[in-house]
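Colleague: I keep meeting labels on this model and would like to know what stands behind each one. Can we go through them, one at a time?

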Amino acid sequence: MHTLDSSGLRVLTREECLRLLSRAPIGRIVFTDRALPAVQPVTFRLDGDSVVIRTSPGSKLAAATRHAVVAFEADDFDVERRTGWSVTAVGRARAVRDPDEIARLSELPPAAWAPGERNHYIVVDMEQVTGREITRE
């Protein structure tokens, strides 16, 4: 028996959320930029219970997420079948400074899609993970 929310969407377990996130190619990070909410699409990879994002050291994203609480979201929808899922995570973002951790993270796929050097790593340690799915049963 699956749990449904008040809108009739199936509530996903943390394990289901992590499985779906591991297959998503693109996500969105939500952060604060000059006291306003900002959303940026990013390529990412899961590393255990953490989201790993590669960016350039001088980017607005790199500056805005240092020790900040951020949200991360990924989803997938089939418009014709009217099915899909959405997962949101909240956690503290940190810039990776340890050379050993940087070396380990540099081995993770995928490479960034955006042009230019992307050798700065942001890790979001997911503290809260929630997800919903709409299916045709």
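Modeller: Start with helix α1, whose buried residues are Glu16, Cys17, Leu18, Leu20 and Leu21. The model is predicted, so local features need pLDDT of at least 70 and side-chain atom pairs count only at pLDDT 80 or more, while totals for chains, interfaces and linings use all residues. Residues are numbered from 1 along each chain as its sequence is written, and side-chain values use heavy atoms, with hydrogens and water left out.

Colleague: What makes a residue buried or exposed?

Modeller: Buried means under 20% relative accessible area, exposed means over 50%, and partly exposed lies in between, with a 1.4 Å probe and protein chains only. Gly27 has a value of 0%, so it counts as buried. Arg34 has 70%, so it counts as exposed. Of the 137 residues of the protein, 39% count as buried.

Colleague: What makes a stretch of chain a helix or a strand?

Modeller: Both are DSSP runs, numbered from the N terminus: helices are H or I with at least four residues, strands are E with at least two. By that rule the protein has 3 helices and 8 strands. Their order from the N terminus is β-α-β-β-β-β-α-β-β-α-β.

Colleague: Why is the protein described as compact as a globular protein of its length?

Modeller: Its radius of gyration is 16 Å, close to the 14 Å that the globule rule gives for 137 residues, so the description holds. The radius is taken over C-alpha atoms, and the rule is 2.2 Å times the number of residues to the power 0.38.

Colleague: Which elements do the buried residues of α1 pack against?

Modeller: They pack against β1 (10-11), β4, β6, β7 and β8. Packing here rests on contact, which means heavy atoms within 4.5 Å.

Colleague: What makes a group of residues a nonpolar core?

Modeller: The members must be buried Ala, Val, Leu, Ile, Met, Phe, Trp, Tyr or Cys, joined through side-chain atoms within 4.5 Å. The largest such set has 28 residues, and Leu21, Ile29, Phe44, Val51, Ile53, Phe72 and Met126 touch the most other members. Among the elements that give it two or more residues are α1 (14-23), β2 (26-33), β6 (69-78) and β8 (120-134). A second, separate core of 5 residues includes Val52, Leu105, Tyr121 and Val123.

Colleague: How do you know what kind of aromatic pair Phe44 and Phe72 form?

Modeller: Rings of Phe, Tyr and Trp (its six-membered ring) pair if their centres lie within 6.5 Å; planes under 30 degrees apart count as stacked, over 60 as edge-to-face, and the rest as tilted. Phe44 and Phe72 are 4.8 Å apart, centre to centre, with 70 degrees between the planes, so the pair is edge-to-face. A search of the whole structure finds 1 aromatic pair. The two residues are 28 apart: Phe44 is in the loop between β3 and β4 (45-47), Phe72 in strand β6.

Colleague: What makes β2 and β6 a pair of strands?

Modeller: Strands pair if DSSP finds at least two bridges between them. β2 and β6 have 3 bridges, in the antiparallel sense, and Ile29 has Phe72 as its bridge partner. β6 and β7 are also antiparallel, over 10 bridges; they form a hairpin with 4 residues between them, and Arg82 in the turn has a positive phi of about 60 degrees.

Colleague: Where do Gly27 and Arg34 lie?

Modeller: Gly27 lies in strand β2, with its C-alpha atom 5.5 Å from that of Val42, 15 residues away along the chain. Arg34 is found in the loop between β2 and β3. Its phi is near 50 degrees, a positive value in a residue other than glycine.
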